[in-house]
Amino acid sequence: MVPPRKAPTLSTSGTGTPRGGPPDLIDEANRLLLDRIRLGLWLVLAGVAAVFVGELALNHGTRPWISIYQAANWVIGALALAVLHTPARRQFNLAVAFVTMLVTVAATGAVGVAALDATTPVVLMVGLALTSSMLVPCGPGWQLGVVLWVIAVAIWTVASIVPSPRLFWLQYVGTIVPTLAGTVVIAYALQRQRQALDDAERERRARERGLRDANRRLEEEIDQHRRTEETLRFAMRELDHRVKNTLATVQSVADQTLRGAQSLEDFSHAFRGRIQAMARIHSALAGRRWEGLQLGELIELVVGPYRNDRDSVSIDGEGAFLSSDLVRVLGMALHELATNAAKYGALSTKAGRLAISSQVEASDPPRLRICWTERDGPPIGAPTQRGFGMRLIEEALAYEAGGRVGLQFARQGVRSEIEIPLRTGSG
Amino acid sequence: MSALSLRGVRILIVEDNFVVADALKFLIEGYEGEVVAMAPNLERAFAALARHPVDVSVLDINLNETSVVPLADALHSEGRRFVFLSGYGDLDLLPAHLRDRPRLDKPVEPERLVRALSDLLAAPA
């Protein structure tokens, strides 16, 4: 037995077509409802006809009113069957079915009054059984149970009232067997309908779940897109900021280089060298997503181009990872040392040697020491004036990174000691 | 050109980039102004203000990813003169009450800077 529960779309409450469901599902439910109603009406007609024929055969001409009631009942049932053909007219179909059932019950009641015999309860019970089996919105097992119970009461009533066995069997075969058969068919149809609806419901849920999943994925994608756009906008602003700063720096470098230049050629050479160094540092930093560079990489980048041969520059010591800000300012200082060495110092002759060593002192914060030692170059003297290049070496690191720079123009070569606190800002 | 002069004006430069600060210093000195200090960050800027008499300050808005606003606010509330230097987008860093302060775009045009400083000094504080 199927447990009692409300069939999802077979409610008789008259709300019309269920909203929200897929159209094919609604069509299917309406069609099944109409089938049920028509089957019920066919059974009513069969039952009424059987009793009508029995009445004519057994009591021909003696009780005309009974035949008239039954004929009227039959005609109304037939008319109802004639107008019930469109599944989509759900309200109309249900109303016609109810009216026909009420007419049946009323007619059989009238027959019972006129006949004063068992025909009344039997047909009344059959009518009720059909009504309940057709329209009560609960599970087919329960509907079948109701019908069986009604039939049992009808049999008991007939058996206790009807005087002749012949009449009993006629009424029994004429009404109860079709009713029982119809009910079984209805129960089977209901079961199938319920199955179909359940399947459809499952499918609908799965589809809904699929849609929800797709929707969620889409929302996630949109979200991702929005985040990307935000990041991009931020990056654009950051880029613009950098470009403006770079332009400001380039303008300043030009101004300051021009101030110290002896000639246009001198300016061009120094300016180009500084811009080239800035460009190389920029490219290397961009390649590392602006996170920074290893000290060794930076030295190679800035000093490398001034190497005369393999042995002219030696680099050794501890490496350290430098933030991009530090790379920028230390790179410019090293560039100035290197151009100076290439112009006047150890890198201006084949014999000259430059040694760059580094170590990281484990203090708090750790301090990076770089020792720049030139030897075997031409003899040099102290510069006559402190130009922009020297300020870049001596002051820029102190200004931006809190470093200390010692610079000595010894006879055997330039010597510079650079000391920078790592991992802290300037100050 | 000869009308523009910063003779005797004591100026504080707050700018995180040494090269830019150095060039500004020379620029201002070219117009006979006196750069009393250059500061790459807020801490050194406040220290310099405490130590030196300053007539007008030149403030880079974005100091190595730190906003110059606390310093500008302090100067603003004390009624002291200052001019902003900014790159694109830096304006977003400024609160509404500082947006109508004099502001110059980077890279700065020398004559504009000098004119902005002169105008500031000519106006009542």
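Let me start with chain B, which, read along its sequence, follows the pattern β-α-β-α-β-β-β-α-β-β-α, with 4 helices and 7 strands in total; helices here are DSSP runs of H or I of at least four residues, strands are runs of E of at least two, and both are numbered from the N terminus. This is a predicted model, in which local features need pLDDT of at least 70 and side-chain atom pairs count only at pLDDT 80 or more, while totals for chains, interfaces and linings use all residues. Residues are numbered from 1 along each chain as its sequence is written, and chains are lettered from A and ligands numbered from 1 in the order in which they are written.

On confidence, the model scores ipTM 0.89 and pTM 0.61. Chain B averages a pLDDT of 86, with 93% of its residues scoring at least 70, where pLDDT is the predictor's confidence in each residue, from 0 to 100.

Now to the sheet of chain B. It is an open sheet of 5 strands in the order S2-S1-S3-S6-S7, with parallel pairing, and two strands are said to pair if DSSP finds at least two bridges between them. The edge strands, each pairing on one side only, are S2 (34–39) and S7 (103–105) of chain B, and the twist averages 20° from one strand to the next. Within this sheet, S1 (residues 10–14) of chain B pairs with S2(B) in the parallel sense over 5 bridges, and B:Val14 stands opposite B:Ala39 in S2(B).

Which strands does H1(B) touch as it packs on the sheet? Helix H1(B) touches S1, S2 and S3 (56–60) of chain B, and its direction makes about 170° with that of S2(B); such angles run from 0 to 180 degrees between N-to-C directions, with axes fitted to C-alpha atoms, for helices over the stretch in contact. Helix H3 (residues 69–77) of chain B lies across S1, S3 and S6 (81–86) of chain B, running at about 155° to S3(B).

Turning to where the chains meet, the contact takes 19 residues from chain B and 24 residues from chain A, two residues being in contact if their C-beta atoms, placed from the backbone, lie within 7 Å. Helices H1 (18–30) and H2 (42–51) of chain B each supply at least two residues of the side that touches chain A, and the largest share of that side, 6 residues, comes from H1(B).

In chain A, strand S7 (residues 413–421) pairs in the antiparallel sense with strand S5 (residues 367–375) over 7 bridges, and A:Trp372 has A:Ser416 in S7(A) as its bridge partner. On S6 (residues 404–410) of chain A, 7 bridges likewise join that strand to S7(A), running antiparallel, and a hairpin connects S6(A) to S7(A) through 2 residues.

Leaving aside its neighbours within four places in sequence, A:Leu330 is in contact with A:Leu298, A:Leu322, A:Leu397 and A:Ile420.
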